Amino acid sequence: MQTDSFVLRHIGPSEAQIKEMLKTIGVKSLDEMIYKTIPDDIRLHDALNLPKAMSENEFASHIQKIGNKNKIFKSYIGLGYHATSLPAVIQRNIFENPSWYTSYTPYQAEISQGRLEALLNYQTVICDLTGLPIANSSLLDEGTAAAEAMIMLYNGRSRSQKKAGSKKFFVSEEVLPQTIDILETRATPLGIELLIGDHRKIEFDDTFYGAIVQYPAKHGAIFDYTSFIETAHQKEIKVIVAADILSLAILKSPAEMGADVAVGTSQRFGIPLGFGGPHAGYIATNEDFKRLIPGRIIGITKDADGNRALRMALQTREQHIKRERATSNICTAQVLLAVMAGMFAVYHGPDGIKYIARQIHSLTNTLNDAIVKLGLNQKNKVFFDTLLIKVSNAEKVKEIAEKSEVNFLYIDKKTIGISINETTTLSDVNEIIDILAHAENHYSFKITDSPVSLSIPISLQRTSEFLENEVFHLYHSETEMMRYIKKLERKDISLTDSMISLGSCTMKLNAATEMLPLSMPNWTSIHPFVPVKQAQGYHEMLKGLEEQLNIITGFAATSLQPNSGAQGEYAGLMVIRAFHESRGDSHRNICLIPASAHGTNPASAVMAGMKVVVTKTSDNGNIDVDDLREKAIKHKDNLAGLMVTYPSTHGVFESSIREVTKIIHENGGQVYMDGANMNAQVGLTNPARIGADVCHLNLHKTFAIPHGGGGPGVGPICVAEHLTKFLPSNPIVKTGGRNAISAISAAPFGSALVDLISYSYIKMLGHSGLTRSTTIAILNANYLKARLEKHYKILYTGEMGFSAHEMIVDFREFKAKGIEVTDVAKRLMDYGFHSPTVSFPVGGTLMIEPTESENIKEIDRFADALIEIKKEIDNYKGELDSVLKNAPHTQQMITNDEWTHPYSRKDAAFPLEYISENKYWPSVRRVDEAYGDRHLVCSCNPIEDYMED
């Protein structure tokens with residue numbers, strides 16, 4: 001065995017297993033299988049022009065060498081990003097723990113109770129600190145959270161506002177610059193008119209529907225927005241407060257000022273800077289918007305025994321169901337980071353959070369006193385952690401500070417900003433004093449004590465309590481915290497337990513070597529707005545990844561800024577929109593989308609200001625080319641483009657794809673390829689080869705970033721030469737094309753830290769390993785298909801009877817017997833498996849994608865489970881008390897003294913022999929979905945609710 005070959009560690013089947021699988025499929029070689037799967041006219045004839053693979057040891061040295069080019073300065077830049085102290089117990093047991101980072105979005109509630117509880121904790125933190133009753137389980141960052149809130153208020157306008165055409169949205173000039181840029185991006189295609197100005201001077205009228213203010217303001221000033229909000233409400237205008245979550249431990253909450261919505265980032269709760277992300281954005285609001293709030297809400301319900309259970313609530317709001325009528329295209333969130341932020345609050349409790357906030361504020365007061373002593377003018381009358389300082393020469397300050405490896409915010413030639421953070425010490429404050437004294441030719445002095453102090457006016461001080469639930473009071477020792485995390489971890493299924501064969505999700509190996517750099521300080525400690533020369537390692541890695549993706553897709557340029565697949569979709573469409581506008585074709589707004597497309601596609605198109613026209617699907621599941629041609633010709637004068645997933649969401653390489661893209665181009669449109677299924681393309685074909693102009697990729701699928709229980713994700717876009725000039729920009733750090741669209745995400749390079757994973761994945765697989773991985777992904781899918789098709793109907797295949805990397809198994813015929821596909825999904829839990837994708841893209845089916853990382857033994861176990869379930873279906877006689885209808889079975893149920901069911905305990909919990917070797921027990925029985933929606937509760941109850949009278 002070649003022990004230094006990463007490809008052998010990444011790919012599941014051995015050479016002997018591959019031969020056995022090929023025999024089962026009925027082909028003689030992998031080449032024959034690929035020939036029968038992928039149309040010959042789109043095959044690549046040359047190997048990917050990438051270097052040969054690095055070994056894991058070679059890569060470890062390589063990434064350390066690049067990382068050393070990043071310079072770890074003490075950054076007091078602020079602007080929404082701050083150094084933090086991540087408790088080691090959270091870093092070790094969550095951030096670095098595959099049981100947490102390899103789990104999927106908790107659609108299957110019964111096997112997700114651990115992270116659902118962790119997310120409920122997070123929602124409670126957000127609700128308590130903002131004072132608002134409803135929060136979701138995270139958004140992508142602060143900027144996109146603000147944009148989602150702006151659109152939520154737009155969609156929630158009153159009937160009179162809609163009738164009056166109220167489309168103006170006020171943006172305080174004190175809002176973070178990156179947030180304003182994203183607001184502009186999102187507002188323009190929807191016809192929302194932004195008015196940016198001073199919140200103290202704005203005069204509202206009936207043309208306004210909403211407003212946003214920053215708390216504290218971008219350069220640290222604190223305003224009491226109570227009267228501003230009252231004035232807005234008199235005109236029926238809703239107000240968003242973008243709030244620093246840590247400051248709310250000592251500042252009056254947004255709700256207490258009358259805010260309708262609060263947004264922000266939870267990065268300050270222990271999350272590393274990571275050159276801008278990933279960080280969990282937050283949004284909280286009131287009951288009026290519970291059905292409009294974007295993203296996922298974790299709610300409390302009950303299971304079949306009436307016991308408390310958790311689930312994702314109000315899922316009918318999601319884009320997969322509502323499609324073009326969805327209120328948002330949000331799919332991936334930032335679950336892993338939200339879990340960590342919630343645990344930060346659990347570990348420290350309310351007193352600990354107050355202590356951190358007071359320490360920061362006290363050190364800021366100490367620095368402020370010193371600045372006055374230096375004879376400098378500090379402009380912020382009220383502040384939490386940030387000072388706005390007039391200096392003689394900001395450039396001189398910068399020169400001296402950088403020699404001391406310190407970064408400040410340089411606003412203009414005579415103004416700087418200094419933001420104190422959780423890691424700042426009194427020694428650091430003295431260093432800052434030395435720098436300023438030197439720059440101002442003033443004698444320096446040393447502060448020996450920084451007493452706890454509060455300079456915030458009483459009217460702005462927080463008086464309300466927060467984090468009263470017992471979970472925030474029980475786990476303050478590391479021993480107890482470690483056990484609590486482990487208790488939750490054991491409730492969930494992740495890739496550490498078994499294969500997760502979710503179709504269109506690509507749950508492949510997230511290798512340890514890929515993950516290790518994420519804990520290295522020279523990657524975690526870099527502020528996104530540091531000078532380029534301090535982040536040379538990041539720029540080298542990111543440029544390298546862009547070049548890798550260009551080669552893989554066949555395109556000319558890449559933007560890594562979109563921090564989810566849905567963001568990538570939106571970015572790609574906005575680039576197409578900009579292209580048409582640059583040619584004087586701003587009227588081109590028709591987007592053709594096949595009926596089989598991802599639900600995010602139509603939602604993204606509507607957000608980009610396009611009108612969706614759905615094209616038909618033929619009987620064999622492919623795009624109806626005649627219908628597409630007819631609609632393209634009909635709309636040729638206004639055609640913006642086509643959104644197409646390839647291979648299709650039905651798991652097929654459609655042979656007509658080049659004809660399809662040609663039709664679009666002949667009628668003036670551009671082709672956007674959804675890269676959700678790129679795992680079946682890499683090295684064998686590419687988006688440019690099929691005729692696309694732009695695609696997004698899911699780095700959290702094809703390129704090994706873990707799903708994290710529902711995020712982080714990265715959704716870069718790759719574009720052809722004629723679209724490169726429109727790639728997205730950032731208002732602070734230069735990036736993007738010559739005629740760039742405004743920002744898509746808050747940070748210049750999105751979730752840069754986790755891009756390390758995809759960079760390492762490509763480096764260690766090399767050109768041949770990448771192609772091999774794609775080939776084995778297709779092999780595994782077709783082997784599983786060969787095993788299942790004797791027992792179930794496989795809905796769609798290619799022209800030669802082969803699937804791409806996934807397949808759809810049809811369960812609709814069993815509905816006549818009273819068996820739903822949900823029963824099968826829940827029964828798989830008893831066999832130790834997470835269900836494949838349920839009822840998408842076709843109702844009553846399972847979409848299955850095994851990925852290249854699973855070997856024949858694991859695939860056989862999964863196949864055996866489904867085959868055994870087929871026997872259970874065949875034996876089902878319509879009784880409600882059955883092994884299928886009662887699934888999943890908990891340990892409590894199986895060990896109960898009474899057993900009145902007509903089947904045995906063994907059949908319930910151990911239906912196949914392999915299960916007893918490593919039994920997974922769901923912690924709750926089947927959850928009641930409807931009850932949870934009717935009785936929406938999305939935060940922990942206060943501690944009083946647990947006290948006995």
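How far apart are the mean positions of the positive and negative charges of the protein? The 97 positive and 111 negative charges have mean positions that are 3 Å apart. This is a predicted model, and the tour below moves from the whole chain to single residues.

**Stop 1: the whole protein**

Please display the entire chain as a cartoon. The protein contains 30 helices and 26 strands. Along the principal axes, the C-alpha trace spans about 85 × 70 × 65 Å. A compact globule of 949 residues would have a radius of gyration near 30 Å, and the 28 Å of the protein agrees with this.

Of the 949 residues, 66% count as buried. Among contacts between residues at least 6 apart in sequence, 77% join residues at least 24 apart.

**Stop 2: colour by confidence**

Colour the model by pLDDT. The mean is 95, and 97% of the residues reach 70 or more. Now select residues 317–321, where the pLDDT is below 50. Beyond near neighbours in sequence, this stretch has 27 contacts in the model. Then select residues 942–949, over which pLDDT also stays under 50. For these residues the model has nine contacts beyond four places in sequence. Where pLDDT is low, the predicted coordinates should not be read in detail.

**Stop 3: helix α26**

Select residues 821–830, which form helix α26. Why is this helix described as largely enclosed by the rest of the structure? The reason is that nine of its 10 residues are buried. They are V821, D823, V824, A825, K826, R827, L828, M829 and D830.

After α26 comes G832, with a positive phi near 90°.

**Stop 4: two cis peptide bonds**

Stay in this region and select F840 and P841, which are joined by a cis peptide bond with omega of about 5°. P841 lies in the loop between β25 and β26.

For the second example, select G711 and P712. The peptide bond from G711 to P712 is cis, with omega near 20°. P712 is found in the loop between β21 (694–697) and β22 (717–719). For context, most peptide bonds are trans, and most residues other than glycine have a negative phi.

**Stop 5: two residues with positive phi**

Select F275 in the loop between β7 (261–265) and β8 (281–285). Its phi is near 60°, a positive value in a residue other than glycine. Is F275 buried or exposed? F275 is buried, since its relative accessible area is 2%.

Now move to L467, in the loop between α15 (426–439) and α16 (478–489). L467 is not a glycine, yet its phi is positive at about 55°. Its relative accessibility is 0%, and therefore L467 counts as buried.

**Stop 6: Q548**

Finally, select helix α19 (residues 536–553) and find Q548 within it. With a relative accessible area of 6%, Q548 falls under the 20% cut-off and is therefore buried. Which residues does Q548 contact, leaving aside its neighbours within four places in sequence? Show L50, S758, Y759, I762 and K763, with which Q548 is in contact.

Definitions and conventions:
Residues are numbered from 1 along each chain as its sequence is written. This is a predicted model: local features need pLDDT of at least 70, side-chain atom pairs count only at pLDDT 80 or more; totals for chains, interfaces and linings use all residues. Side-chain values use heavy atoms; hydrogens and water are left out. Helices (H or I, at least four residues) and strands (E, at least two) are DSSP runs, numbered from the N terminus. The radius of gyration is taken over C-alpha atoms; the globule rule is 2.2 Å times the number of residues to the power 0.38. Buried means under 20% relative accessible area, exposed over 50%, partly exposed in between (1.4 Å probe, protein chains only). Contact means heavy atoms within 4.5 Å. Lys and Arg count as positive and Asp and Glu as negative; His and the chain ends are not counted. The place of a charge is taken as NZ of Lys, CZ of Arg, CG of Asp or CD of Glu. pLDDT is the predictor's confidence in each residue, from 0 to 100.
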